[in-house]
Amino acid sequence: MVSPVNRLRRLAWRGLAAMPAPVRELASLPVRRRADAELRALAPMPAADRRLYLGPWNTAGQAYAWARAVERALPGVAAQNLLAHRAATAGAFRYPADHELSALAQRGHLRAIHGARVLREATHVVFESGRPVLGDLHAGSMLADVPALEAAGIRHAVLYHGSEVRDLRAHAAAYPHSPFHGPWDDYLRTLQAIVDRNTRDLADYAGPVLVSTPDLLDVLPGATWLPLVVDVELFAGAAGAAALTRPRPVVLHAPSNPRLKGTDAVERVLEGLQSAGLVEYRRLTGVPHAQMAAFVGEADVVVDQVVLGNPGVLLAETLAAGRLAVAHLAPGVRDRMARADRERGGDGVVPVLDADPDTLEAVLRGVLDERGRHTELASRGPAWARRHHDGTRAAEVLDRVLLST
């Protein structure tokens with residue numbers, strides 16, 4: 001939903017664009033001066049042998065987390081990430097970022113100031129979701145940046161998070177509870193158009209391809225899985241008593257996108273269990289990410305998504321906090337996670353309780369009936385998160401796939 005303020009801003013810019021060029025340039029000069037000043041104020045990249053730049057979206061704060069991971073784990077590496085806002089106001093989650101560009105700043109001489117700085121300072125670039133980092137950050141394509149990056153000797157890779165590259169029809173065919181079944185509306189048509197565009201661009205892209213969740217290896221078989229990164233110690237430290245030790249467990253659901261999480265089905269079950277006096281249901285929306293550790297730590301059970309089949313950031317945070325994680329993981333996804341765990345010295349037991357819309361109520365009633373067994377499963381989460389999501393494994397992947405080339 002576009003706010004009234006943003007709607008007025010858009011109308012004002014459209015009116016300005018309709019004016020004769022000399023009038024338009026004069027009228028927009030103060031705005032462009034402010035925009036250029038914001039671009040010039042961005043902090044330079046620290047000196048290092050290898051300098052990684054990631055952007056422009058910082059989805060779920062992951063680009064910032066990957067930047068910190070490589071700086072911690074790899075000697076001689078500096079990293080920065082870019083968050084280019086798509087609206088005049090910042091989003092509710094407020095993930096940290098090294099560089100933030102307001103919508104105003106993006107109306108300045110973006111490529112001439114910001115893009116030129118990236119070309120001077122970076123040695124490696126990761127394109128998030130197929131978008132460029134030098135200019136035209138939302139409507140443009142990574143392909144527009146490739147000639148300039150390669151002329152400057154900058155190596156590059158592309159990273160996909162999920163919905164921007166996951167074909168909706170293929171997902172619906174493979175997953176019985178896919179959110180992409182049924183009549184299509186404008187949202188699904190728009191989402192598929194983004195997927196189609198990224199698929200076309202990817203066919204012309206020769207660099208390494210990374211994906212942030214293992215289900216996307218079915219979508220892009222030649223890609224490399226770049227694990228999600230969370231602050232494991234923060235979430236572990238925020239946890240209270242062991243999960244499921246209070247008489248009426250707290251069950252948390254915090255959907256970033258209710259449609260893609262199966263929230264309607266989740267709420268039907270959890271509200272029913274709450275009405276029966278069996279659980280206390282808490283739903284979080286619009287909570288700044290800095291507060292999430294406290295909310296997750298106060299829960300006994302966290303229900304993530306029950307329709308997509310993939311593990312996301314909230315699932316990793318739930319494991320780090322030692323809460324009982326409930327989500328739908330497709331069998332192939334769970335198998336990949338188990339293999340990865342054994343490769344890192346684990347026992348291959350994925351500490352996530354599987355549920356879909358048809359089984360969620362029975363699964364949660366089973367948890368209430370066998371609390372001891374499920375408390376033990378939840379207790380495995382922090383060790384799993386340290387093996388896979390503290391940034392060490394992600395830094396190894398970025399080093400192997402991009403930074404050492």
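The model is predicted.

**Entry 1: the sheet**

I began with the strands. Strands of a sheet pair through backbone hydrogen bonds, either parallel or antiparallel.

I then looked up one pair in detail. E1 (residues 50-55) runs parallel to E2 (residues 77-84), with five bridges between them. Leu52 has Ala79 of E2 as its bridge partner.

**Entry 2: backbone angles**

Next I checked the backbone. Most residues other than glycine have a negative phi, and most peptide bonds are trans. I noted some exceptions.

The bond between Gly55 and Pro56 is cis, with omega at about 15 degrees. Pro56 belongs to the loop between E1 and H3. Asn58 is in the loop between E1 and H3 too. Its phi is positive, near 55 degrees. Is Asn58 buried or exposed? Its relative accessible area is 4%, so I put Asn58 down as buried.

Asp136 also has a positive phi, near 50 degrees. I located Asp136 in the loop between strand E4 (124-128) and helix H5 (146-151). Asp136 counts as partly exposed because its relative accessibility is 47%.

**Entry 3: Asp341**

I moved on to helix H14 (residues 331-343), where Asp341 lies. Its relative accessibility is 0%, so Asp341 is buried. What does its side chain reach? I found the backbone nitrogen of Gly348 at 2.9 Å. I also listed the residues that Asp341 touches beyond four places away in sequence. Among them are Trp384, Arg387 and His388, as well as Asp347 and Val349.

Rolling a probe the size of a water molecule over the atoms shows where empty space is left. How many cavities of 30 Å³ or more does the structure hold? I counted two.

The largest cavity has a volume of about 90 Å³. It is lined by 13 residues, and Pro214, Trp225, Pro311, Met337 and His389 are the closest to its centre. H14 and helix H17 (381-388) are the elements that give two or more residues to this lining. By class, I noted eight nonpolar, four polar and one charged.

The second largest cavity holds about 40 Å³. Its lining includes Leu244, Pro249, Val251 and Leu273. Helix H15 (residues 360-369) gives the most to that lining, with three residues. The lining has nine nonpolar residues, with no polar and no charged ones.

Last, I looked at the second largest pocket, with about 360 Å³ of space. It has 21 lining residues, and those nearest its centre are Ala65, Val229, Val230, Asp231 and His289. Helices H3 (62-73), H9 (232-238), H12 (292-298) and H13 (313-320) each give two or more residues to the lining. Which element gives the largest share? I found that H3 does, with five residues. The classes here are 13 nonpolar, three polar and five charged.

Technical notes:
Residues numbered from 1 in each chain as written. Predicted model: local features only at pLDDT ≥ 70, side-chain atom pairs only at ≥ 80, totals over all residues. Heavy atoms only, no water. Helix = DSSP H or I, 4+ residues; strand = E, 2+ residues; numbered from the N terminus. Buried < 20%, exposed > 50% of the residue type's maximum accessible area, 1.4 Å probe, protein only. Polar contact = N/O pair within 3.5 Å; in protein donor to acceptor, adjacent residues only side chain to side chain. Contact = heavy atoms within 4.5 Å. 1 Å grid on protein atoms, 1.4 Å probe; cavity = no way out; pocket = protein on both sides within 12 Å on 5 of 7 lines; lining within 4 Å. Points joined across faces, edges and corners; volume = space filled by probe spheres on them. Nonpolar A, V, L, I, M, F, W, Y, C, P; charged D, E, K, R; others polar. Pairing = 2+ DSSP bridges.
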